[in-house]
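Subject: Structure handover

Hello,

Here is the structure you are taking over. Please open it beside this email and follow along.

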Amino acid sequence: MTTTIRRAGRCVVALALVATPMPLTQATTVSFEARITRTLSAAEGFGGCMAALDVSPSDSGLDCPVGGKWVTFSCTGDHTSKLDALRSFDSAQLAFVTGRRVRVWVDDTRKHNGHCFVSRIDVLSS
């Protein structure tokens, strides 16, 4: 009898969790592969450093400028440390110079002038 009550209690808790509405605004980070087509530094209004991708982050369902291909690394230190941002930007420049693809994790809840923030970048092997 005790086992049955425990199981029933778990079911009620599970149903309560499923029935609880999820908040409509959640942090959205999506990763995808791309090529770096341009880089930009010293752009204060855009986080200090940016890269243009060969695909638009909005194509992955992110709330970034539609058709816009620029992403920011936040070298001004607003969304991460300046050091981490510069390391990410260095990786983007490496990929640009060598023509390698990257995997980027783009966050549409952190932006500079509407351009979404890259929280991680991996340079892929050729």
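Are Phe73 and Phe89 buried or exposed? Both Phe73 and Phe89 are buried, where buried means under 20% relative accessible area, exposed over 50% and partly exposed in between, with a 1.4 Å probe and protein chains only.

Two remarks on the source come before the rest. This is a predicted model, in which local features need pLDDT of at least 70 and side-chain atom pairs count only at pLDDT 80 or more, while totals for chains, interfaces and linings use all residues. Residues are numbered from 1 along each chain as its sequence is written, and side-chain values use heavy atoms, with hydrogens and water left out.

Overall layout

The protein has two helices and five strands. Helices (H or I, at least four residues) and strands (E, at least two) are DSSP runs, numbered from the N terminus. Along the sequence they follow the pattern α-β-β-β-α-β-β. Of the 126 residues in the protein, 31% are buried. Among contacts with a separation of 6 or more, 54% come from residues 24 or more positions apart; contact means heavy atoms within 4.5 Å.

The aromatic pair

A pair of aromatic rings is described by the distance of the centres and the angle of the planes. Rings of Phe, Tyr and Trp (its six-membered ring) pair if their centres lie within 6.5 Å; planes under 30 degrees apart count as stacked, over 60 as edge-to-face and the rest as tilted. By this rule the count comes to one aromatic pair. Phe73 and Phe89 form that pair, which is tilted, with 5.9 Å centre to centre and 55° between the planes. Phe73 lies in the loop between β3 and α2 and Phe89 in helix α2, so the pair ties together parts that are 16 residues apart in sequence.

Helix α2

Helix α2 covers residues 82-98, 17 residues in total. From its first C-alpha to its last it reaches 24 Å, close to the 24 Å expected at 1.5 Å a residue; the expected span is 1.5 Å times one less than the number of residues. Which residues of α2 are buried? They are Ala85, Ser88, Phe89, Ala92 and Ala95. An α-helix has 3.6 residues a turn, so residues three or four places apart point the same way. The face of α2 turned away from its buried side carries the exposed residues Lys82, Leu83, Arg87 and Val97. Just after α2, Gly99 takes a positive phi of about 75°.

Strands β2 and β3

In β2, six of its six residues are buried. β2 and β3 pair in the antiparallel sense over three bridges; two strands pair if DSSP finds at least two bridges between them. Met50 stands opposite Thr72 in β3.

The loop between β2 (48-53) and β3 (70-72) holds Ser56. Ser56 is buried, with a relative accessible area of 3%. Its side chain reaches the backbone oxygen of Gly68 at 2.9 Å. Leaving aside neighbours within four places in sequence, Ser56 is in contact with Pro65, Gly67, Gly68 and Lys69.

Strands β4 and β5

Strand β4 (residues 101-112) and strand β5 (residues 115-123) pair in the antiparallel sense over eight bridges. The bridge partner of Lys111 is Cys116 in β5. The hairpin of β4 and β5 has two residues between the strands.

Arg103 is in strand β4 and is partly exposed, with a relative accessible area of 26%. Its C-alpha atom is separated by 5.4 Å from that of Phe32, 71 residues apart along the chain. A polar contact of 3.0 Å joins the side chains of Arg103 and Ser31. A polar contact is a pair of N or O atoms within 3.5 Å; within protein, one must be able to donate a hydrogen and the other to accept it, and residues adjacent in sequence count only if both atoms are side-chain atoms.

Ser74 has a positive phi of about 60° although it is not a glycine. Ser74 lies in the loop between β3 and α2 and is buried, with a relative accessible area of 0%. Asn113 has a positive phi of about 50° and is not a glycine either. Asn113 sits in the loop between β4 and β5 and is exposed, with a relative accessible area of 55%.

Regards
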